[in-house]
Amino acid sequence: MTQQGRPSSPGNNLDPWYSSYAARAAGLAASEVRALFAVASRPEVVSLAGGMPFVSALPEDLVTGAMDRVMREQGPTALQYGSGQGVPALREQILDVMALEGISARASDVVVTTGSQHALELFSKLFLDPGDVVISEGPSYVTAMVIFKSYQAEVSHVPMDDDGLQPEALRQRIAALTAEGKRIKFLYTIPTFHNPAGVTLAESRRAEILEIAKQNGILVLEDNPYGLLYFDKEPPKALRSLDEEGVVYLGTFSKTLAPGFRVGWALAPHAIREKLILANEAAVLSPSSFSQLVISEYLSSADWKGQIDTFRGLYRERKQTMISALEEHLPTCTWTNPSGGFYVWLTLPEGLDSKAMLPRAVKELVAYTPGTAFYGDGGGAQNVRLSFCYPTPEQIRVGVRRLANVVNGEIDLLHTFGGSSSLSARNTERTYNAPPPDMS
């Protein structure tokens, strides 16, 4: 260092402090989902990319009424620091929410966090050392992988099918990693209405997956943002309902109420719970008292189960619209047909690359998330995540029609160039002279 405190090494051309960062900072990178937001927010672009809940379906008085009552009756408390574990009344109410998925628990084992992603960050901070391995489904939630990599962990994917994570593939992956001398810290899973695949782990597999984890001394981290957003039939009970000691459960109000409150929670065995509280206090001192009290008031005074029913009906209609549009416009592709949640996982024809295709999709005024965003090993090039939660049914139809223009144009190009290799291997900066987008 110089006397002025500046780094003695030049850094890089953009950041003079580059050489001063901790090694773990190399794992921090903007996700492909985040990078899409600037483009997808343009009004002329139909975004099938982001997993944003349709908060406009919330009656205004449900939330504003709760806010008004909190400020009138508990204003000084709402605006003050709070407990690092969370508001006791809200933790009791969270038990009622989790009971809908078969979970029996104690409020003392619930830790409220600033969204469930914050819980994921705290859990990773507690458990991951450089070189550790996290097993997850392939594909998996993009930001979870960003977090794991920021703690210099390796993500090892296990394949799924229409019934979710494959038990035998999990056994084989654990055996292979163990033979390599790898240290497996936990299994990260989204078993219900998976993000991004949309599939649900079959009831017949749930106990088997937990038994495999138990036999190998592997903790299970169950991430469950969408479990209450089923369309017709309730999904199997949560993994945590089957195992209290071997599962840490993450929940959130972001999908069943609104993400702007930033309130989630972790349900953990006692010893892990204690460390999560300490980590929570170290990170944020305490989660927002105001947000917690507003949600607590909402759960006390509103028909919150009826509101979830409203969301279910809305998302059911949009999913059906997307499936119908795909059947009409993209018969050359295949896709999952979720029974809840927000996402359809599309598989493109052989030879197409979803990431390379994205700039041309934006030119067609449609945005999606390329499948490569959901793998830590470079996989997913032939896949696309389509979100039906936020756009209207008409926007979904227009968006899928525009996407079909792009896919069909790519297929034509592939045939023109002989189909000997994928388009991703060709010059990805070439201009795709697509026809004008259908603005109807």
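How many of the 9 residues of helix H5 (residues 142-150) are buried?

1. Helix H5. The count is 7 of the 9 residues, so helix H5 is largely enclosed by the rest of the structure. The buried set consists of Val 142, Thr 143, Ala 144, Met 145, Ile 147, Phe 148 and Ser 150. Please keep in mind that this is a predicted model.

2. Leu 165, location and burial. Leu 165 sits in strand S5, which spans residues 164-165. Its relative accessibility is 3%. Buried means under 20% relative accessible area, so Leu 165 counts as buried.

3. Leu 165, surroundings. Neighbours within four places in sequence are set aside here. Beyond them, Leu 165 is in contact with Glu 137, Val 158, Pro 159, Met 160 and Leu 170, and also with Leu 187, Leu 201, Arg 205 and Ile 209. Ala 202 lies 37 residues from Leu 165 along the chain, yet their C-alpha atoms are separated by 8.7 Å.

4. Surface patch. Trp 17, Tyr 18 and Tyr 21 form a nonpolar patch on the surface. Together they have about 360 Å² of accessible area.

5. Tyr 21. This member of the patch belongs to the segment before helix H1 (32-40). Is Tyr 21 buried or partly exposed? Its relative accessible area is 48%, so Tyr 21 is partly exposed. Leu 165, by contrast, is buried.

Definitions and conventions: Residues numbered from 1 in each chain as written. Predicted model: local features only at pLDDT ≥ 70, side-chain atom pairs only at ≥ 80, totals over all residues. Heavy atoms only, no water. Patch = residues over 30% accessible without salt bridge, like charges linked within 9 Å, V, L, I, M, F, W, Y side chains within 5 Å. Areas by Shrake-Rupley, 256 points an atom, 1.4 Å probe, with all protein chains shown as cover. Salt bridge = Lys/Arg side-chain N within 4 Å of Asp/Glu carboxyl O. Helix = DSSP H or I, 4+ residues; strand = E, 2+ residues; numbered from the N terminus. Buried < 20%, exposed > 50% of the residue type's maximum accessible area, 1.4 Å probe, protein only. Contact = heavy atoms within 4.5 Å.
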